[in-house]
2 protein chains.
Amino acid sequence: MAFVPCSSFAPGVQPRRSAFVQTARPVLPVASRRSVRILSPSMVASESAKTLTQTGDQFIDDCINAIRFLAIDAVEKAKSGHPGMPMGMAPASYVLWNKFMNFNPKNPSFINRDRFVLSAGHGSMLLYALLYLFGFESVSIDDIKQFRQYMSVTPGHPENFETAGVEVTTGPLGQGICNAVGIAMAEAHIAAVYNKPDCEIIDNYTYCILGDGCNMEGISGEACSLAGHYGLGKLIALYDDNHISIDGHTDISFTEDVGKRFEAYGWQVINVPNGNTDVAALEKAIADAKACTDKPTLIKVTTIIGYGSPNKADSHDSHGAALGGDEVAATREYLGWGYEPFEVPQHVLDHYREKVAAGAAVEQKWNETFATYKSKYPELAAQFEQYVVRKEVPESIEQALVDAAMSTDAKATRQLSQLMLNTIAPLYPPLVGGSADLAGSNLTIMKGFGDFQKATPEGRNLRFGVREHGMVAIANGINQAGYGLKPYTATFFVFTDYARGAMRLSSLSRTGVINVATHDSVFLGEDGPTHQPIEHLASFRAMPNHYMYRPADPIETAAAYAVALKSDKTPTTMAFTRQKTCLLDGGSFEGAKKGMYVLSDDSESGVAEIILIGTGSETELAQEAAKKIRANGKTVRVVSAPCVDVFEEQSEDYKDSVLPASVPKSKRLVVEAGTSYGWSRYADNFVCIDTFGISAPGKDDMKKHFGMTVENVYEKAKDL
Amino acid sequence: MAFVPCSSFAPGVQPRRSAFVQTARPVLPVASRRSVRILSPSMVASESAKTLTQTGDQFIDDCINAIRFLAIDAVEKAKSGHPGMPMGMAPASYVLWNKFMNFNPKNPSFINRDRFVLSAGHGSMLLYALLYLFGFESVSIDDIKQFRQYMSVTPGHPENFETAGVEVTTGPLGQGICNAVGIAMAEAHIAAVYNKPDCEIIDNYTYCILGDGCNMEGISGEACSLAGHYGLGKLIALYDDNHISIDGHTDISFTEDVGKRFEAYGWQVINVPNGNTDVAALEKAIADAKACTDKPTLIKVTTIIGYGSPNKADSHDSHGAALGGDEVAATREYLGWGYEPFEVPQHVLDHYREKVAAGAAVEQKWNETFATYKSKYPELAAQFEQYVVRKEVPESIEQALVDAAMSTDAKATRQLSQLMLNTIAPLYPPLVGGSADLAGSNLTIMKGFGDFQKATPEGRNLRFGVREHGMVAIANGINQAGYGLKPYTATFFVFTDYARGAMRLSSLSRTGVINVATHDSVFLGEDGPTHQPIEHLASFRAMPNHYMYRPADPIETAAAYAVALKSDKTPTTMAFTRQKTCLLDGGSFEGAKKGMYVLSDDSESGVAEIILIGTGSETELAQEAAKKIRANGKTVRVVSAPCVDVFEEQSEDYKDSVLPASVPKSKRLVVEAGTSYGWSRYADNFVCIDTFGISAPGKDDMKKHFGMTVENVYEKAKDL
């Protein structure tokens, strides 16, 4: 079967309607095809039924069934997993990957590859089967036999850090489609920045498979509404409309008109009523989707979950559990699949592996295009190589951040954040980002760098609307799209609660996403407890692989940005104040980069009797209380703790130098306008807030109410 | 103006189209109306413009402007708040509350009142103005003058626990409309259970005002899709379509067709193109909404934000900040409002206060209806009084839970949870709940109690679909609807991340919601790190007013349910295992109800040398390791810690009896398959998991990988 490269269906070019059937391909002699089968009498008897219920083309059936049975057999061996979705979506996936997708199996990170996101991540075996069949080295047949086993590269859900060829980590429903929106936004931006009319170096598509579950999750609605607004024409989502979720038929909870909803978002919607066998319709749908350049497309592919399983198809029995030995045998019979478990017939494998050479050719052609580009546009090409290919962060930024910090007065740290963002912006083109409709409060506009909008995708300011969860999932996609973009998000700190599902995936999937979280305590004031974070600092400090920064002043804000900018495998959330803060005595850029450091210590021995630890706006309270205690004759060390997580990564020596074991926890006190929960690691005494906040101006009454005063810190600390 | 009680617009009865204009009302002599004004020359000059831009009816304009100026003046005095939304939605609110809503200002908890939810909670002054004007005792004019001030009953966002007449706490966008869906579900359920064809005791409506922000949030889509599915005909939402959000015009991020989206959900959608002045259209829209009994209705009320402000209307300048003195004056002039700040003219106040007598009459009539009901259906009436009115939890349940615990073998705690749910279900009709499409994994079906569906609202099993955030927000609404219902939700523990925004509101607004969170650790196995909680126990322990239970065995599971069931002002999240657990030696119902207790202590003094603390499935590890250590000659105390939050509420004496100060933290070790973060409060040593999980069967390899073995606990503990 001849490889039809994706480029033959360039945007605007209408492909032949029934290209599938018409395409010339090597027809194997019937004997050779049959000979590899082990046909039982009953299988022979059911041949006609099989023919009717498959595509009508034996070769294509074999290719599709190879995917199905890899999924079936792997789940069966693991006795765990989700066979039904891969069985239903095998035809669509085969058509998509074989006919349309540009990729190079030997270089999964080829920059101009089409991206594929399996938002319905529980169908991971679909993706592993595709990677194996198409010749990716990351997944061997032995790896598939190790599906979901200890230390395998084929984990239960696709994980980008385990398996080359997996673009993003999916599983938690709805995230993948949002990642895909982010990837498509990244593509649109990079294409707008770098493409030239006579030389386009970025022109790939983003494909996504999502299911009913993804469509029920609100997060997908957030991102898809935005995708429609942005008119992301190169985003194509295939909705596996199989009417089954874990609890049974979607009739019990999900009867909305999904297609109409996507039309309301501004998407093109195409229906494929028979996704089980109508490969021509699938092909036409994808081609039509590509032909629509100003809107994203949802292809509603109606399938039968567990297609081919005589007793478990169209039932949640095939959704999330192995079919069982008898049913696997019955499915083999029903689909006429006479091969052993994990056996892929050679003619099928040969066909799939044609993509190896084709993919290499695609990349080679791109290399030639880029060489032309480089000769015509050397400066842009150099920038492309620096930021998109090598993903470098200029060393000069750190000094610029320090200089900015030294040039400013004391301000609200959200204002300092604005200063740092706008210091970085002109020096570092990959920085893109914005707020969930709080740009004016979060202070996150990069001045002079325009809005990313449908007509201006080169803009770097993103307008997420009031969609915190979608925002962070989109940022995950932007970051992991492979174009070297560094996204930041922004909202009030308390509303990170909305985004937590995606923020955890930022951490788990090792992104470098930055989150700007302003209004970081009760001192946001009048908006009241619904808007006042209490447990949020603790909740992110508890999260693995997440830097939770809360800087106190300009130099610490600069340090937080310096760390966040260079951190490409750990996301950073930065909490900033609404209200003005002070300039720390002893504030240190290098110290803040280490997470905790000594601001002052008035002891002669070098280690004072008492340690006061502060973060953010409360560091000032620790400093002022220390002065009063010292005036009474006790020695005090003041420690600034902008980031506990980074501190924990320092050497034991460094940690002991900041918090010496000789000063026991009973002699240490933490001041922070947030929960004391978690601080016991460093101290036994707290001036913290363990209740919800109140609505009032963030002034004296409120400070007194919560004990956030120098006097109170002094009273609590002086007798330690 | 005659009060037209809501009941004259019973479902199906078409109200007069222009009832507003036709209704007889006392016409004040022009002189008397004018005489209360302080007209400036320019105001006289602008009279005609004013007339054109208002309703054309001076009396109605006065009523509407009274709302507008209370909001304007209160925000102005506070120098903080959101005047624009109340200014735009004053006409719709006035029509709704005056013409349609049944309530009794002197008894805000009248059981058959219509419920009103201000989902756009930042417009809180709209609600406070309505409560004051209609004669609720909770909000006086002095309270309005104290808007957003320390210790006022008029906080920045509506808080149900601060202000009688506020049904739910709103502000975080999208939550309120989900609460409203929950309230409408509760109404439908209670009506189905208690109403009789000849005697209906529950027949109220749920109204909600939501804005663009609410509509952008994914959570609202989740709940509204479900509302359409359930066909909640008595849910009527007014969408303030003002095209402005905080960052500016919604054109920058929100251009979808909201009406079409709601139609896709199965809602009736009605447009009111001029919500600023067309009160007749508003009245007809609400009447038409009530007439549609099998679908919820969205009334898209197109308004101008900040209506009446000559320079800030239709701009985000009026969204979230005071208008400023000059603009307030200009607005007074534009709208012809010659009254002093906070002054409500007597004819307006008299009109509003007619609702006091009318409301009392409504409740009196209901009392008569209920008396009839009681005589005809004494048993149901008694049940109604017990559960709906007095909201009692039968004392007998505790013993039933203990009995159930004593009757079972060791099982996965999720199975024990199923047992407890099904023990409670027949004894306690208010228990309703279900899962976000994981009922078969969470094991949360109450057998024999049917599904809540459009045709069967008496069912008690809720099918939320894959909508975790909407689920919990709906549960908050069900719980706070005032019908005494006790909702539970369910999902995998890790996916509480999706619901966190609503779970925080469960805590903040003092609900008694129960969350069943199964698959509570890495030991869920093959699904891998996306599905394995690590930081989640800590993240909820850090949250104020939230009980985080993790029981270890049957008796502790019974205790967790006993506490959760009786807790009506603190929500409870219960983490349950996928895998089998043991029967604890020394497991105690009363002990577990106190959060932590001593399982065993082999010292003669009563206080052992070492304390091992375990929770959930790891309590067994602590127990077994203790045996080995004891065999080596050291004394060990084993403490079970199913709920740190409840333990912290116990007396200091009790706490010291469990964790005596004489055994320092250096001699204590915690075993839990989750982050060590937070445990420093009780111990210095941990066998915990501070990284993300892995995909593998939850067997020996994985246990060894994470050190979750008796041997490892023994090794870490033996030398303490």
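**A walk through a predicted two-letter chain model**

Lys703(B) lies in helix H28, residues 700-705 of chain B, where helices (H or I, at least four residues) and strands (E, at least two) are DSSP runs numbered from the N terminus. This is a predicted model, in which local features need pLDDT of at least 70 and side-chain atom pairs count only at pLDDT 80 or more, while totals for chains, interfaces and linings use all residues. Residues are numbered from 1 along each chain as its sequence is written, chains are lettered from A and ligands numbered from 1 in the order in which they are written, and side-chain values use heavy atoms, with hydrogens and water left out.

With a relative accessibility of 32%, Lys703(B) is partly exposed, a class that falls between buried (under 20% relative accessible area) and exposed (over 50%), with a 1.4 Å probe and protein chains only. Apart from neighbours within four places in sequence, Lys703(B) is in contact with Phe523(B), Gly698(B), Met708(B) and Thr709(B), contact meaning heavy atoms within 4.5 Å. Asp203(B), 500 residues away in sequence, has its C-alpha atom 56 Å from that of Lys703(B).

Turning to chain A, the secondary structure comes to 29 helices and 18 strands, and 68% of the 720 residues are buried.

Glu468(A) belongs to helix H20, residues 468-480, and is buried because its relative accessible area is 3%. Beyond neighbours within four places in sequence, the contacts of Glu468(A) include Glu222(A), Tyr498(A) and, from the other letter, Glu217(B).

For "binding site", the unreviewed UniProt entry lists eight positions by name, among them Arg414(A), Ser441(A), His519(A), Asp527(A) and Arg578(A). They span 497 residues in sequence, and the farthest two C-alpha atoms are 48.2 Å apart, so they do not all gather at one spot. Arg414(A), in helix H18, is buried at 17% and has Ser441(A), His519(A) and Arg578(A) among its contacts. Asp527(A), buried at 14%, sits in the loop between strand S11 and helix H22 and touches residues including Phe492(A), His82(B) and Arg148(B).

Definitions and conventions:
UniProt positions renumbered as here; feature names shortened; annotations may be inferred.
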